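Please study the sequence and the model shown here. The questions that follow concern a ligand and its surroundings.

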Amino acid sequence: MDNLFARISQNIEKNIRISDDDALALFASNDLLAIGELAAQVNRKKNGDRVFFNVNRHINYTNVCVNRCAFCAFSKETGEKGGYTLALKEIRKRARDAADNGATEIHMVGGLHPDLPFEFYLEMLEAIKDDRPRLHIKAFTAVEIDYFSEVAELSIERVVERLKQAGLDSLPGGGAEILGEPVRAQLCAEKISGERWLEVTELVHNAGLRSNATMLFGHIETAADRVDHLSKLRQLQDRTGGFQTFIPLAFQKENTRIEKAVGVGGVDALKTLAISRLYLDNFQHVKAYWVMLGLKISQVALAFGVNDLDGTVVEEQIGHDAGAESPQSLSKQQIIDMIRKAGRIPVERDTLYHELKTY
Ligand code: V47
Ligand code: SF4
């Protein structure tokens with residue numbers, strides 16, 4: 001095992017990327033601090049002592065969805081109690097309020113609604129941009145883009161072009177789940193395949209939009225599934241360079257059909273973040289999404305290769321419907337304090353990682 005750490009450390013020095021076998025060996029290792037130190041070393045080289053955050057607001061425009069992913073506690077069938085679709089007026093109001101309270105980004109995703117026309121999504125973007133043209137709209141996962149192309153009977157290229165014209169600035173990283181098929185079939189059989197997620201993402205990058213990548217972990221997947229997932233992302237990033245940030249999402253099990261999952265403990269969370277940092281040498285940023293990880297683990301993650309704490313969020317539904325115990329929202333000051341108390345330098349960024357202010 002000592003050899004493993006020495007070898008990886010030397011490889012980092014020589015910019016040799018870590019192999020799948022080494023990543024698997026790291027997952028099998030219990031030397032959390034050694035893994036964390038290696039990841040911190042890589043992050044220090046890439047990003048120094050600075051930790052990014054942004055001021056944003058999430059808007060989940062509908063929870064009505066034609067899919068039934070086993071891990072999702074958020075979605076409802078048409079007509080089911082608790083199903084909702086926000087009116088354009090309400091979406092507009094939330095975005096306006098967010099901008100007036102200092103937000104630079106709207107993060108907007110939703111279920112695959114059976115009846116909404118493609119124009120609805122275009123109008124949402126236009127309405128937000130109409131009111132607050134400077135707001136960056138990060139919206140729609142590759143899963144939604146694929147669905148719009150079906151609904152509108154347009155190619156992916158055309159869908160992306162229309163969304164861009166209407167105001168779409170970048171894409172979040174959802175819908176990736178676990179990209180490898182055996183697990184994906186059990187998790188979300190109706191969702192687009194992992195291969196299609198990668199294909200749509202590649203087209204999005206080719207159209208000049210940046211996006212993020214996520215990995216939903218801590219349910220039924222093995223370490224080998226995680227490494228395979230990372231490998232697929234690293235290969236796509238080699239081709240496009242379009243990914244900005246990697247975000248491992250810790251599975252929340254309440255109200256899901258995988259309630260028996262052991263869930264994600266602190267050790268697994270930190271190990272997964274650190275190994276992701278080590279493996280994804282072509283990603284500039286690794287984000288600890290505090291909504292799913294909790295505030296304390298997210299703060300500790302800053303010593304395990306993480307350099308981004310996402311944002312203020314304001315109102316989160318996907319994780320909280322599944323039992324997440326984190327708050328719904330953080331103030332800018334709370335995020336700054338979290339970063340400072342970890343001995344790091346808080347930097348407010350916009351969605352594309354332009355630095356807005358160092359605290
Ligand atoms: O794709 C669903 C996940 C994702 C659960 O790009 C769950 O900046 C945990 O992608 N437990 C949506 N996770 C959220 C997402 C995201 C979040 C924050 C920032 C960014 C970004 C992207 O949430 C879904 C799915 O993988 N999810 N259910 C659950 N029970
Ligand atoms: Fe629908 Fe997305 Fe939930 Fe799957 S994860 S059921 S696609 S809202």
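Q: How far does a polar side-chain atom of E177 lie from an oxygen atom of ligand 1?
A: This is a predicted model, in which local features need pLDDT of at least 70, side-chain atom pairs count only at pLDDT 80 or more, and totals for chains, interfaces and linings use all residues. Residues are numbered from 1 along each chain as written, chains are lettered from A and ligands numbered from 1 in written order, and side-chain values use heavy atoms, without hydrogens or water. A polar contact is a pair of N or O atoms within 3.5 Å. For E177 and the oxygen atom of ligand 1, the distance is 2.4 Å.

Q: Which residue has a side-chain N or O atom 2.7 Å from an oxygen atom of ligand 1?
A: N212 also places a polar side-chain atom by an oxygen atom of ligand 1, at 3.0 Å. The residue at 2.7 Å is K138.

Q: How many residues surround ligand 1?
A: A residue is near a molecule if one of its heavy atoms lies within 4 Å of it. The closest are K138, G173, G175, E177 and K287, and the total is 22.

Conventions
A polar contact is a pair of N or O atoms within 3.5 Å; within protein, one must be able to donate a hydrogen and the other to accept it, and residues adjacent in sequence count only if both atoms are side-chain atoms.
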